[in-house]
Amino acid sequence: MTAVSTFTAFLSDQQVGSGALPHVAAALAQRDLGGAPVFIFEDATGRPVELDLRQGPVAAVAEYERRTSPQPPPRPGRGRPRLGVVAREVTLLPRHWDWLAAQPGGASATLRRLVDEARRDNADVDQVRETRDAAYRVMSALAGDLPGFEEASRALFAGSYAGLAQIALDWPADVAAYVLRMAAPLSEVPVQG
């Protein structure tokens with residue numbers, strides 16, 4: 001089962017919609033934008049979303065989905081396409097190739113095993129980084145010109161959720177609430193000292 005992506009929209013520093021993209025687009029379409037900056041973020045990643053609402057919310061969402069939908073897979077070639085194996089170039093030093101060649105299963109199997117181990121061993125660190133990066137994307141767009149942005153950035157990257165929350169008190173309420181919601185998982189991560 002695939003999780004449904006949620007989005008949040010801001011008109012200047014006021015949140016005007018949150019939820020599925022059609023809901024957010026409809027909320028924006030009902031507003032008089034009046035030249036104010038519009039920001040739409042994908043909640044999971046903090047990535048900005050561009051919607052062209054000139055043709056209406058339904059057309060805007062359809063155009064966005066067409067533009068961002070995954071491309072069909074390339075025609076199967078050599079190798080193991082049924083397993084999802086994709087050939088790409090890897091550049092290594094000769095000593096790395098020598099070591100890989102001596103491993104059971106060969107270079108490809110060894111690289112896959114090493115990547116799987118690294119992904120498993122670093123899952124927590126990767127999640128913290130992804131959460132921090134998503135919160136920073138949102139914070140840069142919405143609060144980049146607000147007082148205390150630099151200090152808030154330092155607090156975010158230092159893992160100080162409490163420090164970030166203290167600085168965000170001086171920001172518009174909707175901006176502060178959304179930035180803190182994006183950074184909330186970091187409040188549960190022990191601060192590295």
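## About the model

Because this is a predicted model, local features need pLDDT of at least 70 and side-chain atom pairs count only at pLDDT 80 or more, while totals for chains, interfaces and linings use all residues. Residues are numbered from 1 along each chain as its sequence is written, and side-chain values use heavy atoms, with hydrogens and water left out.

## The three-stranded sheet

Let's start with the strands (DSSP runs of E, at least two residues, numbered from the N terminus, as are helices, which are runs of H or I of at least four residues). Three of them form an open sheet in the order β2-β1-β3, with antiparallel pairing; two strands pair if DSSP finds at least two bridges between them. β2 and β3 (38-42) stand at the edges with a single partner strand each, so one side of each has no neighbour in the sheet. On average, neighbouring strands here are turned by 15° against each other, direction ignored.

Strand β1 (residues 7-11) pairs with β2 (residues 14-19) over five bridges, and Phe10 stands opposite Gln15 in β2. The two strands form a hairpin with two residues between them, and Ser12 in the turn has a positive phi of about 60°. Five bridges also join β1 to β3, where Ile40 of β3 is the bridge partner of Ala9.

## Two residues by the sheet

Gly17 sits in strand β2. Is Gly17 buried or exposed? Gly17 has a relative accessible area of 8%, so it is buried; buried means under 20%, exposed over 50% and partly exposed in between, using a 1.4 Å probe and protein chains only. Leaving aside neighbours within four places in sequence, Gly17 is in contact (heavy atoms within 4.5 Å) with Phe7, Thr8, Ala9, Val24 and Ala27. Leu28 is eleven residues from Gly17 in sequence and 7.3 Å away in space, C-alpha to C-alpha.

Thr6 lies in the segment before β1 and counts as partly exposed, at 36% relative accessibility. Not counting residues up to four places away in sequence, Thr6 touches Gly19, Phe41, Glu42 and Asp43. The side chains of Thr6 and Asp43 are joined by a polar contact of 2.8 Å. That term covers a pair of N or O atoms within 3.5 Å; within protein, one must be able to donate a hydrogen and the other to accept it, and residues adjacent in sequence count only if both atoms are side-chain atoms.

## Helices around the sheet

Helix α5 (residues 123-143) lies across β1 and β3, running at about 175° to β3. Helix α8 (residues 173-183) has several buried residues, including Val175, Tyr178 and Met182. The buried residues of α8 pack against β1, β3, α5, α6 (149-158) and α7 (161-168).

## Where α3 meets α4

Helix α3 (residues 94-101) and helix α4 (residues 106-121) pack at an angle of about 95°, with their axes 8 Å apart. Axes are lines fitted to C-alpha atoms, for helices over the stretch in contact, and angles run from 0 to 180 degrees between N-to-C directions. The two helices are therefore roughly perpendicular, a label for angles of 65 to 115 degrees. Trp97, Trp99 and Leu100 of α3 meet Gly106, Ala107, Thr110, Leu111 and Leu114 of α4.

Thr110, in helix α4, is buried, with a relative accessible area of 0%. Leaving aside neighbours within four places in sequence, Thr110 is in contact with Trp99, Leu100, Gln103 and Pro104.

Conventions:
Angles under 35 degrees count as roughly parallel, over 145 as roughly antiparallel, 65 to 115 as roughly perpendicular and the rest as oblique.
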